[in-house]
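I have opened my notebook for a look at a new protein. Come along as I jot down what I look up.

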Amino acid sequence: MAKPESKKIFFENLSGAGKAIAVLTSGGDAQGMNAAVRAVVRMGLYVGAKVYFIHEGYQGMVDGGENIEEASWESVSSMLQVGGTVIGSARCKEFRSHEGRLKAALNLVQQGITNLCVIGGDGSLTGANLFREEWSGLLAELVEQGSIEADAVSKYSALHIVGMVGSIDNDFCGTDMTIGTDSALHRIIEVVDAIMTTAQSHQRTFVLEVMGRHCGYLALVSALACGADWVLIPEMPPEDGWEDKMCQKLSATRSRGTRLNIIIVAEGAIDRHGKPITSGIVKDLVVKCLGFDTRVTILGHVQRGGTPSAFDRILASRMGVEAVLALLETTANTPACVVSLCGNQSVRLPLMECVQMTQEVQRAMDGKRFEEAVKLRGRSFENNLKTYKLLAHRKPESELPTSNFNVAVLNVGAPAAGMNAAVRSAVRVGISEGHKMFAVSDGFEGFYKGQIREIKWADVGGWTGQGGSLLGTKRTLPAKHVDKIAEQMREHNINALLIVGGFEAFESLLQLCEARATHEEFCVPMCMLPATISNNVPGTDLSIGADTALNAIVETCDRIKQSASGTKRRVFIIETMGGYCGYLASVGGLAAGADAAYIFEEPFDIKDLQANVEHLTEKMKTSIQRGLVLRNENCNENYTTDFIYQLYSEEGRGVFDSRKNVLGHMQQGGAPSPFDRNFGTKISAKAMQWVTKKLVETFRHDEGRVFANTEDSCCLLGMRRRALVFQPVVQLKGETDFVHRIPKEQWWLKLRPLMKILAKYKTSYDVSDSGQLEHVVRNRPKESDASVAM
């Protein structure tokens with residue numbers, strides 16, 4: 001397949017020769033910090049700069065000596081999958097004093113370091129900015145003391161700072177996700193899933209306390225991801241009398257036949273008067289008012305531990321490379337910046353703007369301006385809270401609007417983790433909007449056979465954490481059965497369709513759209529949510545299920561690589577799924593630290609294979625003991641996994657041996673990741689609000705029916721860069737390669753050079769899409785159907 005032409009600015013123009021970059025981790029540790037350190041070191045070395053570790057954070061900078069160590073390529077090998085930070089982190093009181101910063105400046109100048117990459121929280125980044133502002137004064141003072149020569153002041157005249165936020169709390173304004181947050185959510189959800197089985201056995205209530213300091217992000221998202229009955233967070237304390245309301249909710253849930261209750265409490269949770277609400281207080285309340293058998297679990301530092309998730313490894317790797325690019329482009333007048341994530345895009349924001357807004361959140365909470373505090377946390381946080389309230393708290397029947405509309409939801413294509421979360425969200429939001437919801441079993445096959453039933457609020461309880469498709473899903477397309485499907489639409493008076501699925505769902509929606517010409521039954525609002533592990537649906541950067549599959553791949557690759565520890569040099573050839581789409585192989589390769597990833601979108605020949613073998617042979621002659629090569633299942637019909645395995649085995653003879661592994665359907669199984677649960681839940685809620693809006697717009701009062709036959713009434717809801725966008729499926733036809741079932745342009749192809757650079761290949765990295773310095777955008781009040789940020 002021909003590569004799309006684009007104007008590219010390559011970083012060969014941004015030489016790092018003569019520059020010295022130091023990287024440090026400060027404050028609390030977070031999973032993914034090592035991936036960021038690795039990316040900074042390797043990108044820095046790649047562009048010709050000298051790179052240094054500063055061990056033990058600012059304390060190491062103040063103490064100097066062996067704490068400031070030059071980094072080599074091999075020194076960051078095998079650290080990608082390690083949690084915490086291998087270069088150490090410490091809170092340093094001395095750096096807060098002028099004398100401490102003076103010592104730190106001397107230690108940096110002695111090594112010729114004028115570029116700092118700081119990975120930490122708001123305190124660490126504020127300290128770095130103060131250090132930068134004082135830099136010239138500190139150098140002048142060192143000259144006066146005779147500690148440095150006078151010419152050093154002009155030689156090292158400016159200190160350049162780039163920050164990356166490493167914190168499990170996700171409490172930093174300006175970025176959707178901080179490094180470590182997704183991994184912490186993985187730890188929380190693993191515990192919640194385990195607790196739910198024992199709670200169900202004994203009909204218990206569990207109160208879980210999660211970390212986050214004064215930020216309720218972890219509590220809120222984990223509550224959303226596990227369908228918790230109640231959540232308590234500092235940004236939005238419960239109204240007075242919450243105790244009775246909570247107990248009524250728990251009692252009502254049990255009366256509907258549920259055998260357990262989950263309550264999640266953020267460690268900084270307070271009531272409206274600023275009084276702390278602890279997990280112990282909540283437990284005592286439940287026992288006293290309801291007499292339920294109740295247990296408390298405080299997760300503590302478990303949330304900081306363990307291996308980083310695939311998301312955190314990719315995020316940290318992207319941010320680390322972006323940080324080095326920012327340092328190469330900086331001038332004496334460039335303000336200190338922080339590398340952030342907005343939607344699916346890296347952005348650079350002025351560090352102090354972000355810090356000031358983060359501090360504003362706390363001031364708003366201290367002043368009991370809680371609505372303002374939620375808005376200052378950002379769109380993502382605000383929409384998480386709205387979605388949780390919508391799904392967790394059922395309105396009484398008397399308060400529900402009566403729309404008299406019937407909406408059907410079905411799964412189409414292969415199963416993907418997160419489908420059930422999307423269906424649960426659709427059903428509950430639909431009921432809240434006043435619709436009657438119908439579930440269709442086994443996709444369009446079940447549709448034409450009449451496997452349609454009404455589905456109630458309680459029917460989808462506990463669905464969020466379940467893998468696969470509880471509704472059942474088939475690859476059957478509707479074209480051959482439109483008459484029977486139209487008959488079922490008529491019989492059940494279906495006024496709107498929500499389809500959750502992959503490429504087959506996209507093709508199905510196109511077919512139904514075409515069938516409108518002959519069957520008026522399909523002249524209703526129709527919406528599709530992309531759900532496939534292959535991530536091959538046009539019109540969206542991400543699909544429900546892809547993150548879970550990536551984590552399965554990365555976890556397996558970690559184990560496979562570990563199996564070779566202590567043995568002779570070994571290369572593993574791993575085959576991934578994805579059809580003709582190389583997303584899993586490429587992004588999984590980046591997250592697992594692969595040396596190569598063969599995909600259909602980037603054609604290769606025997607010369608490329610030979611070059612890869614030679615490259616690995618050279619690496620194996622150093623201290624690197626293991627190699628990892630990923631191959632997409634349909635990347636090339638002749639260069640099969642067996643062929644590549646045999647080639648590597650033969651050509652690497654005497655230097656390394658080879659092993660192969662086909663991951664297969666394990667990539668489709670398992671419980672959904674927190675990201676997929678959250679993404680599925682929120683994207684589905686937004687879709688149902690769109691469906692409601694379209695039903696109202698297209699209802700013909702004179703005829704008493706819905707009639708929608710415009711292009712914009714048959715849409716796919718996808719994430720495009722920074723926002724969720726509704727796109728008519730007809731307009732997406734031109735963006736699609738139907739033969740190979742992939743979009744013609746795919747954003748993640750820009751990440752492939754990054755993987756190659758981090759694996760020490762000489763290549764060009766397209767920086768035309770790298771982050772430009774922007775300003776922090778304050779979150780303004782939105783309408784109820786506003787964009788749901790990820």
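**Entry: the model.** I note at the outset that this is a predicted model.

**Entry: build.** I looked up the secondary structure and found 24 helices and 27 strands in the protein. Next I checked the radius of gyration: it is 27 Å, close to the 28 Å from the globule rule for 790 residues, so the protein is as compact as a globular protein of that length. I also noted the extent of the C-alpha trace, which spans about 90 × 70 × 50 Å along the principal axes.

**Entry: inside and contacts.** I looked up burial and found that 62% of the 790 residues are buried. Then I turned to contacts between residues at least 6 apart in sequence; 79% of these join residues at least 24 apart.

**Entry: surface and charge.** The protein exposes about 29600 Å², I noted, with 48% of that area supplied by carbon and sulfur atoms. For charge, I found 87 positive and 91 negative side chains. The centres of the two sets lie 3 Å apart.

**Entry: helix α6.** I picked out α6, which covers residues 181–202 and so has 22 residues by the record of its ends. From first C-alpha to last, α6 reaches 32 Å, close to the 32 Å expected at 1.5 Å a residue. Which residues of α6 are buried? I found Thr181, Asp182, Ser183, Ala184, Leu185, His186, Arg187, Ile188 and Ile189 among them, along with Val192, Ile195 and Ala199.

Definitions and conventions
Residues numbered from 1 in each chain as written. Predicted model: local features only at pLDDT ≥ 70, side-chain atom pairs only at ≥ 80, totals over all residues. Heavy atoms only, no water. Helix = DSSP H or I, 4+ residues; strand = E, 2+ residues; numbered from the N terminus. Rg over C-alpha atoms; globule rule 2.2 N^0.38 Å. Buried < 20%, exposed > 50% of the residue type's maximum accessible area, 1.4 Å probe, protein only. Contact = heavy atoms within 4.5 Å. Areas by Shrake-Rupley, 256 points an atom, 1.4 Å probe, with all protein chains shown as cover. Lys, Arg positive; Asp, Glu negative; His and termini not counted. Charge placed at Lys NZ, Arg CZ, Asp CG, Glu CD. Expected span 1.5 Å × (residues − 1).
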